[in-house]
Amino acid sequence: MGIKSFQGARETVKKEYSTPIMVEDYMTKKLVTFKPEQSILEVMEQFTKYNISGGPVLDDNNFLVGIISEADCMKTISESRYFNMPILDKNVEKYMTKNVETIPHDISIFDAAGIFHKNNRRRLPVLKNGILVGQISRKDIVIAALKLSGQNWK
């Protein structure tokens, strides 16, 4: 007869994440922002200076009113050539995206990945109680997933 060993009842171990998984943990908090009355030329200069491809547009009370991107700038460049008009007098308000999709600060990166997949955006402003607190990009989500995969998805 073989030897039997009893180690006691097995305990169920709940797996806890040791790495943060919330959007607010991975979002960019120091943002380059723009004003609606700013010229497109200034915006393009800021894009190259800070190596960014877009940013939120805030009104005088610092409320989010739009988002401006390189694609919006391409539209102004194209129109300026077509109509033979200088870019200098073009302002952000005319070309920015006004109906901005946002994301709450307190959702997981998994939910954020689903939102990015569904709406095909490169970046989303992050709001907390209606106030802009940051911006998350697809790249931020990829970085977060890589950090998690090293610890939890073995």
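Residues are numbered from 1 along each chain as its sequence is written, and side-chain values use heavy atoms, without hydrogens and water. Because the model is predicted, local features need pLDDT of at least 70 and side-chain atom pairs count only at pLDDT 80 or more, while totals for chains, interfaces and linings use all residues.

Nonpolar side chains tend to be buried together in soluble globular proteins. Here, the largest nonpolar core has 15 residues. A nonpolar core is a set of buried Ala, Val, Leu, Ile, Met, Phe, Trp, Tyr and Cys residues joined through side-chain atoms within 4.5 Å. Buried means under 20% relative accessible area, exposed over 50%, and partly exposed in between (1.4 Å probe, protein chains only). Val23, Ile103, Ile109, Ala112, Val126, Ile136 and Ile141 have the most contacts inside this core. At least two of its residues come from each of helix 1, helix 5, strand 4 (123-128) and helix 6 (138-151). Helices (H or I, at least four residues) and strands (E, at least two) are DSSP runs, numbered from the N terminus. A second, separate core has 11 residues, including Ile40, Cys73, Val92 and Met96.

Valine 23 touches Ile103, Ile109, Ala112, Val126 and Ile136, among others, not counting residues up to four places away in sequence. Contact means heavy atoms within 4.5 Å.

Helix 5 spans residues 109-119. Its buried residues are Ile109, Ala112, Phe116 and Asn119. Seen down the axis of helix 5, they fall within an arc of 100°, so they line one face. The arc is that of the directions from the helix axis to the C-beta atoms. The face turned away from the buried side carries exposed His117 and Lys118. Just after helix 5, asparagine 120 takes a positive phi of about 55°.

Glutamine 38 lies in the loop between helix 1 (23-26) and helix 2 (40-50). At 14% relative accessibility, glutamine 38 counts as buried. Its side chain makes a polar contact with the side chain of glutamate 42 (3.4 Å). A polar contact is a pair of N or O atoms within 3.5 Å; within protein, one must be able to donate a hydrogen and the other to accept it, and residues adjacent in sequence count only if both atoms are side-chain atoms.

Strand 1 (residues 54-58) is mostly covered, with five of its five residues buried. Strand 1 pairs with strand 2 (residues 64-69) in the antiparallel sense over five bridges. Two strands pair if DSSP finds at least two bridges between them. Glycine 54 stands opposite serine 69 in strand 2.
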